[in-house]
Amino acid sequence: MLPRAAYVDDTMFMWEKRHLFDGGWICAGRSSLIPGKSSQTAISLNGRGVLLTRDATGTLHAFENICRHRGHELLAEGESVTRNTIVCPYHAWGYGLDGRLASARGTQSIANARKEDLGLTKLGVAEWGGWIFVNGSGDAMPFTKHLGFLDEFTKNWECERLEIGGTHNYELKANWKVAIENYHECYHCPSIHPALCRVSPTTSGYQYRHPSGYYTGGCMELVEGAETMSFSGQSNGVVFSGLTPEQRRQVHYITLFPGLLISLHPDYVMTHRLEPTSASTSRVECQWLFAPEAVARPDFDPSYAMEFWDKTNREDWGAVESVQRGLQSENYEPGIFAEEEAGVYDFVYLVASSYIGHPDVPHRAFKNIAA
């Protein structure tokens, strides 16, 4: 397991925030955040103000949400507008939807006021599966390399066409890695998840060994007679038409590093977006996505999936918060993994590999991790 400092140390938290989150590809949410041409929206992502736009061709852009004049926010967090220019509300500097400076009243006579030097600060941006990803540092690996084989593996779920059926937000008193480690094993399920155990054998499935991509995951199987993960095992949705017979009997659990958890069910996709807020706290957005033809039905009710996983989530949160309290003890020493925790090991391997790859990891203990 990782050294204790990885979960409790403020310096390590800031290092991870800078290198793993700002320096990586972070999921900003669904593409429906910015649905059409000439649309703009402002969000907060890992503590950074981000302005998303779509220009007249539908191309997605991401910028720091700050005017290049005096630093005023271009839109308030959560605000969305549809117009062909970005206008700072402070001094009315205007920008194109591609970030280029269009107008700056009163600067025409200034000799060094070159428009091409005063455009908005661009951030890396990509779309995949109906999700938006942003790279704050601008120096992450190409998104296609980050994604790797995951694009091919998930294609039968057609995530890009799915619609949000519901969202829950949680404030978690635990390090972000503790939550993800819990997600990648069902060794704990017989102890705290009786409803889940009724619809899925806890020792079923397998751990992935895929050829490329910065993700880890595995699957579990449904019991005979169960259609999906719900209290009754029955579905109120529509099974995804592209799934193989094997995929219709499985639930897949994937972490696209560092903080997007994708749970693929036969009839819905559940995601958790984790945002670290301190060494010992995290923010979690959980969403449930369904096929459009399911959402369009007059009798459609997503609660069969949402209520099941809200209960399961809260059971997990109680466990991971207890782990976090235990990790606060200076007497804690990392233990060993059981065979059923192979998924946790794979995730920890990604984290440890990130530490090893950077010479400026704050704690000497991290330099002794054996990959």
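Contact here means heavy atoms within 4.5 Å. Angles between axes run from 0 to 180 degrees and compare N-to-C directions. The model is a predicted one.

With those terms in hand, take helix 9, residues 303-327. Helix 9 lies across strand 11, strand 13 (250-256), strand 15 and strand 16. Relative to strand 11, helix 9 runs at about 20°. Helix 10 spans residues 342-356 and lies across strand 12 and strand 13. Its angle to strand 12 is about 170°.

Now look at the sheet these helices cover. In what order do the six strands of this open sheet run? The order is 11-16-15-14-13-12, and the pairing is antiparallel. Strand 11 (163-172) and strand 12 (215-221) are the edge strands. Each has a single partner strand, so one side of each is left without a neighbour in the sheet. From one strand to the next, the twist averages 15°.

Strand 15 covers residues 269-278, and strand 16 covers residues 281-290. Nine bridges join them in the antiparallel sense. Glu275 stands opposite Arg283 of strand 16. Strands of a sheet pair through backbone hydrogen bonds, either parallel or antiparallel.

Another open sheet holds four strands, in the order 4-3-2-5. Its pairing is antiparallel. Strand 4 (60-64) and strand 5 (80-82) stand at the edges. Each pairs with a single strand, so one side of each lacks a neighbour in the sheet. Here the twist averages 25° from one strand to the next. Strand 2, residues 39-45, runs antiparallel to strand 5, and three bridges join the two. Ser39 has Thr82 in strand 5 as its bridge partner.

Next, the cysteines. How many disulfides does the model contain? The count comes to one disulfide. Cys186 and Cys189 form it, with sulfur atoms 1.8 Å apart. The torsion about their S-S bond is about -105°, so the disulfide is left-handed. Is Cys186 buried or exposed? Cys186 has a relative accessible area of 9%, so it counts as buried. Cys189 is buried as well, because its relative accessibility is 2%. The cut-off for buried is under 20% relative accessible area.

A disulfide needs the two sulfur atoms within 2.5 Å. Cys159 is in no disulfide, and its nearest cysteine sulfur is that of Cys27. Cys27 is buried, because its relative accessible area is 7%. Cys159 is buried too, at 4%.

Which residues of the largest nonpolar core touch the most other members? They are Met229, Tyr268, Trp288 and Trp309, in a core of 66 residues. Helix 9 gives the most to this core, with eight residues. A second, separate core has 25 residues. Among them are Leu147, Leu162, Leu260 and Ala291.

How values were computed
Residues numbered from 1 in each chain as written. Predicted model: local features only at pLDDT ≥ 70, side-chain atom pairs only at ≥ 80, totals over all residues. Heavy atoms only, no water. Pairing = 2+ DSSP bridges. Buried < 20%, exposed > 50% of the residue type's maximum accessible area, 1.4 Å probe, protein only. Core = buried A, V, L, I, M, F, W, Y, C linked by side-chain atoms within 4.5 Å.
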